[in-house]
Amino acid sequence: MERKQPGRPLGRRLSRRALTAVSLLALTAAALTGCASGKAKGGDTGQATASAGGGSASGTKSNGKNSIYVIGGKPDDPFWSAIKRGGEDAAKLVSAGGGKVTFLGPQNYDNLGPDAAKLTLTALSQNPSAILVPDWVPENQDSAIKQAIAKGVKVFIYNSGGVDAAKKTGAIKYIGSDDYEAGKAGGAKFADEGAKNILCVNTVPGSANQEARCKGIKDGAESKGAKSKQLPLPSSNFGNPSAVTQAIKGALLNDSSIDALVTIGVQDADSAAAAIEQAKVGDKVKLGTFDLSQSQLDRIKNGKQLFAIDQQPYLQGFYAVSIANQYLSYGVLPPQNPLLTGPLLVTQDNVAAAISGTKAGVR
């Protein structure tokens, strides 16, 4: 989490990026509708219907004047800035119809589950048409999500929780990556490149998506004969580069068998790179991370980082807001559940395209 600047302010007109994404969404919806009589990949049968979310399959007709609340991460978290940017581009379409999109997020990740539940209830108190929320910590959040659904609010789970969270809570759909499968891909890649003992650094322990990522790393590594363990750090360390660097450096110096590191987010990867350099193990320890930033891409390009796992956060924000808006207004709903935005492994083979996407603000 997926920490520098919040998303860019809205303009009056749709940007070229927004128009491109609109076209992509339309093409995706058309393709998915075309397979509605079959079984959607990775999910349920392809039926563009939903009985969850506190209403009928056709959604709630409101002439486009929809009030959509998006629960997200810290305002200074760069990963969430990318999600918000996508949501803001989609929000221009909502605004054009007289509706409004409101973004809410915690100030820190120290109490993530309870804080996300409170934000969901805050959104509910404003009588929204829809709430879009990651299901980070189900034991804290599910009650609030179910309360919203019971009140007739359309709820979409995105980014974290997967299709199981959507089904369990009664939400309409899951939009995002599969964190466990993303981890498996990373663990297998490490092993294929010769790593035997991988350390997964988790600065938000207890968060469902981060735990799934580290578990995926472990299972992917073990499928290729390697092993992995987790280094859980206090959530207060999240966004504290010095603390994370020292913790990782200590782990490397205490266990010389560690030959690969993976972090749950981009700033932690910068800290891990610093720790590898300070411990003087750069010739032995491979580095990977979840999510993208320019520093990660530069290291991959220069051969100093093995990979980054991209879940395409811009698309998560854009699709979540767009799909909620279209469902509320017209009953339009892509049949695929989950609607996946990743994972995609970025390596030296495809890093140039990823750098171009980052410069355009969509990766």
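## Disulfide

Cys 200 has a relative accessibility of 1% and counts as buried. Cys 214, with a relative accessible area of 5%, is buried as well. In this predicted model, the two residues are joined by a disulfide, with an S to S distance of 2.0 Å. The structure holds one disulfide. A disulfide is a covalent bond between the sulfur atoms of two cysteines.

The link of Cys 200 and Cys 214 is left-handed, with -75 degrees about the S-S bond. Cys 200 belongs to strand S6 (residues 197-202) and Cys 214 to helix H7 (residues 208-222), so the bond ties together parts that are 14 residues apart in sequence.

## Confidence

The average pLDDT of the protein is 84, and 82% of the residues score at least 70. Residues 1-62 have a pLDDT below 50. Beyond near neighbours in sequence, this stretch has 150 contacts in the model. Where pLDDT is low, the predicted coordinates should not be read in detail.

## Overall make-up

The protein has 363 residues, of which 55% count as buried. Its secondary structure comes to 12 helices and 12 strands.

The accessible surface is about 14,900 Å². Carbon and sulfur atoms account for 51% of that surface.

## Aromatic pairs

The structure holds seven aromatic pairs. A pair of aromatic rings is described by the distance of the centres and the angle of the planes. One of the pairs is formed by Phe 156 and Tyr 327, with 6.2 Å centre to centre and 85 degrees between the planes. The arrangement of Phe 156 and Tyr 327 is edge-to-face, because planes over 60 degrees apart count as such.

Which elements does the pair of Phe 156 and Tyr 327 tie together? Phe 156 lies in strand S4 (residues 154-158) and Tyr 327 in helix H11 (residues 313-330), so the pair ties together parts that are 171 residues apart in sequence. Phe 156 is buried, at 1% relative accessible area. Tyr 327 has a relative accessibility of 0% and also counts as buried.

## Aromatic cluster and a lysine over a ring

Phe 79, Trp 80, Trp 136 and Tyr 158 form one aromatic cluster.

Another ring, that of Tyr 109, has a lysine over its face. The residue concerned is Lys 74, at 5.7 Å from the ring centre.

Asn 325 and Ile 68 are 257 residues apart in sequence, while their C-alpha atoms are 7.8 Å apart in space.

Gln 311 is found in the loop between strand S10 (307-310) and H11.

Conventions: Residues are numbered from 1 along each chain as its sequence is written. This is a predicted model: local features need pLDDT of at least 70, side-chain atom pairs count only at pLDDT 80 or more; totals for chains, interfaces and linings use all residues. Side-chain values use heavy atoms; hydrogens and water are left out. A disulfide is a pair of cysteine sulfur atoms within 2.5 Å. Helices (H or I, at least four residues) and strands (E, at least two) are DSSP runs, numbered from the N terminus. Buried means under 20% relative accessible area, exposed over 50%, partly exposed in between (1.4 Å probe, protein chains only). pLDDT is the predictor's confidence in each residue, from 0 to 100. Contact means heavy atoms within 4.5 Å. Accessible areas come from the Shrake-Rupley method with a 1.4 Å probe; for residues, only the protein chains shown count as cover. Rings of Phe, Tyr and Trp (its six-membered ring) pair if their centres lie within 6.5 Å; planes under 30 degrees apart count as stacked, over 60 as edge-to-face and the rest as tilted. A charge sits over a ring if NZ of Lys or CZ of Arg is within 6 Å of the ring centre and within 35 degrees of the ring normal.
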